Amino acid sequence: MEPQHLITVKAALQEKRMPLYRKIMRWSWRLIIGGVAAMIILFLSINFTAIPSFRELEDPASAVASEVLANNGEVLGRFFIENRVPVAYEDMNPHLVSSLIATEDERFREHCGIDARAVARVMFRTILMADQSSGGGSTITQQLAKMLYSDRDFEGMNSFQKFGKLVYMKLREWITAVKLERAYTKEEIISMYLNQFNFINNAYGVHAASEVYFSKDQSKLKIQEAALLVGMLQNPSYFNPNRHPDRAVRRRWIVLSQMRRNEVITEAQYDSLKVLPLGINFKPVTFTDDKAPYLCDYLEKYVSKLLEQPESRRPDGSKYNLYRDGLRIYTTIDPAFQRHAEEAMQAQMKKSQARFFQVWKGRDPWKYKSGDATDEEIRGRLDALWSLIRRGDRFQNLWPKYMDEVAEKVQKRLAFELRDIDVERMLREEKKAGSIRLEVTPTQSVAYRKMMDSKEWPEIKAQYKGLRSAVQKLYDTPVKMKVFTWGNQKLEKDTVMTPMDSLRYHRMFLQTGMLAVDPTNSEIKAWVGGVNFKYFQYDHIMSQRQVGSTFKPFVYATAIAQQHISPCFEVYDQPVTIPGRFMNFQHVTDWTPKNSTGTYSGARLNLKEALKNSVNSVSAALMKQLGDTEPVRGLCNNMGIDSVRQPNGRYFIPPGSPSICLGAADLTVMQMTGAYSAFANNGMYGMPFVIKKVEDRNGRVLYRSILEEKAAIPAKPNWVMLEMLRYNVKGAPGVNTLKSDVGGKTGTTNDYTDAWFMGITPRLVVGTWVGGEDRWIRFLSLSDGQGARLARPIFADFINRLEKDPKSGYDFNARFVRPPGDLGIETNCAAYESTLGAPGDEEDFSPDIYNDELDETGKPKPKKSGESFGDEEN
């Protein structure tokens, strides 16, 4: 028995602590009641506000295509889920139904949307005991409910936020599942689930999946085939039988095992079915081209990003679906302009390609040496060919067979996802230490070193060597195929050749990028990104290529605007050297550019003749006189060519380098066309745009373009530059017969890799580039590869077609308008020369040997007598 004093002390302590106990109890009850109340409020909130309509589940065909519309309302293209055919439950293959229930939801017929036993199992075994093999807790109905939501994005969230969102999503999923169970029968839920699921490779629903993976109707699927499709439901990309057959086999085993466990199939059936091959007969779905396929491809990416923005979402904050929500994308494209642009491109490119094949007959562009080409450059070309092979389906389909096993070892032991580019880099690094230093991050470099020192590295090399041999064998085996050709209206032909020969054959086709912009409002009227979208998907409107002499007008315009230099100002055609670090230039060594012919005439040339004939020495003299690249870069920045450093660390126009005066800058057709539009628009620049607005199916505007113009160059200096561009094309074949008021500039880069023509009229500015996908796919002479031969005829034919089509709406009577008042710069060369002293004996020199516009023999075209500069009477 305790002493009385201890009992008294305990009682006193208990009495003292009693208020604290009562406080703890009060707060505990408050937290419990508050938590329950919060859950009820959250439950009610989700129940009444966050559950979407089930209409799309009931009728997958209710998804409406989004349309791309021309400026006259004509449909240019559509974005939609095409390859889906809903299957009613009574028509559903019974093997699909039985394997689905056995694998995904054994008690599907018993629960009301939530499987309490499965949830308890997940809570106890997966969460508390960390047993990842215990399976998931989602029922088929819950998985169907998930398909109604597209907000499973946790990017930028911390752990607490992720947990909160997961709880919210799980509650919403449960509520939705219960509502689905009340609204539909079990059979309807199964039918909706299998019709909605995306089996990838453009196979939406089991009907399309059966056709894509087995080339048969779903009703004819065998047990093991149905098991494979049901196995893909867990993760279609990971268990893609076309790319990862070993994974697909293992997943099929699990499905068959569940079917045996649930007595859907017998033990004997299981033993016989599990050893069968996958039996894949892959048949990918193809689509017809849209009326402006390159534009539609661009818009698909652009609008998808646009729909991510908060201001372009639904009122409830959810994202629109480009392929289901019936959006209307209104563009500036004129169908007549688009049609004429494509026809002009095809007519000229057909001729150019015939000449190209003639020039390269008996030669191999990947091994051909010319000029100062080095052995390292030749190796680079062959490496580029191997890179193309690695991106192809044949390589990707063989990768799992040879590399998946060792890649999984690397993933488990080194936590690194092995790719072909990683193996290629490590092989190069092993052969020559430091060779990949500039193309990898420090983190990648450490990971590569750790892998190369690991016990898996010899296996990686051996397996990759086997992969290369297998791929090479495939690429050297002739097969039947279709290839692109200019030889018929279908633009393709049946033939037999090796995949390697097919790859080389298609890479030898010249490509083009052509953009037409109305300079008065910056609307894009025609968009031609290549010669044929079916065979060549890369869009050359956005590809960066060296611009050559088409950049020179920016240099001339800068000198005219800032130094008020007259186009009649004369400069000697002689070597011009800009010393290293001269004035504000940043180049280190002396720079002395050559003319395209490699010679100098010594003649005294005015600027208009020098620009027309693309005399490099005169451009260099102007650049030296400016003393800095920043004035030119500043003008280009005003004309839409960003002068700041880009995210990749590079500049569009390198600062401090005088060689930009000759076009040593890689720019896009979009950038160049936008910049030249300022010349045609009285010196005002507006960024070219192709989307007027985007609406949802109810007419709600999600996006609208707003034209913003700014002064790029003062109107009077701009007029002087415009006159020089008009003078450039006087007498040019094809252009000289046009009714339009035309100006322009050709451009040809080193080794004739890129051919350009920038053409301007008062109502249309057209940028045209022609060249190869690879820079060694080129002509071998200036007479064949110059911009005047390859690009300018496309422009001339395009404008000619518009002029002859009265329905096109193109105004060929429009004329450039001279700004009022005195220009302040003399453009009448006769008046300008009268103020100078008598010329010396420089008249004895011929000024036309540097012309980049040569005749068919490669000789300079003779200058026509009586040519004057612009409308000098003005």
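**Exercise 1.** Which residue in β14 does K693 stand opposite?

Solution. The model is predicted: local features need pLDDT of at least 70, side-chain atom pairs count only at pLDDT 80 or more, and totals for chains, interfaces and linings use all residues. Residues are numbered from 1 along each chain as its sequence is written, and side-chain values use heavy atoms, with hydrogens and water left out.

Step 1. Strand β13 covers residues 691-695 and is joined to β14 by three bridges, the two running antiparallel. Strands (E, at least two residues) and helices (H or I, at least four) are DSSP runs numbered from the N terminus; two strands pair if DSSP finds at least two bridges between them.
Step 2. The residue opposite K693 is R704 in β14.

**Exercise 2.** Give the strand order of the open sheet, its edges and the helix packed on it.

Solution. Step 1. Five strands with mixed pairing follow the order β2-β1-β3-β13-β14.
Step 1. β2 (75-79) and β14 (701-704) are the edge strands, each pairing on one side only.
Step 2. From one strand to the next, the twist averages 15 degrees.
Step 3. Helix α12 (residues 293-306) packs on this sheet and touches β1 (66-69), β2, β3, β13 and β14; its direction makes about 55 degrees with that of β2. Contact here means heavy atoms within 4.5 Å. Axes are lines fitted to C-alpha atoms, for helices over the stretch in contact, and angles run from 0 to 180 degrees between N-to-C directions.

**Exercise 3.** Is D334 buried or exposed, and what is it in contact with beyond its sequence neighbours?

Solution. Step 1. D334 sits in the loop between β3 (328-331) and α13 (335-360).
Step 1. Its relative accessibility is 14%, so D334 counts as buried. The classes are buried under 20% relative accessible area, exposed over 50%, and partly exposed in between (1.4 Å probe, protein chains only).
Step 2. Neighbours within four places in sequence aside, D334 contacts N71, K525 and S808.

**Exercise 4.** Why is helix α3 described as largely enclosed by the rest of the structure?

Solution. Step 1. Helix α3 spans residues 94-104, and eight of its eleven residues are buried, so the helix is largely enclosed.
Step 1. Among the buried residues are L96, V97, L100 and I101.
Step 2. The buried residues of α3 pack against α5 (140-146), α7 (186-196), α8 (205-214), α9 (223-232) and α10 (245-261).
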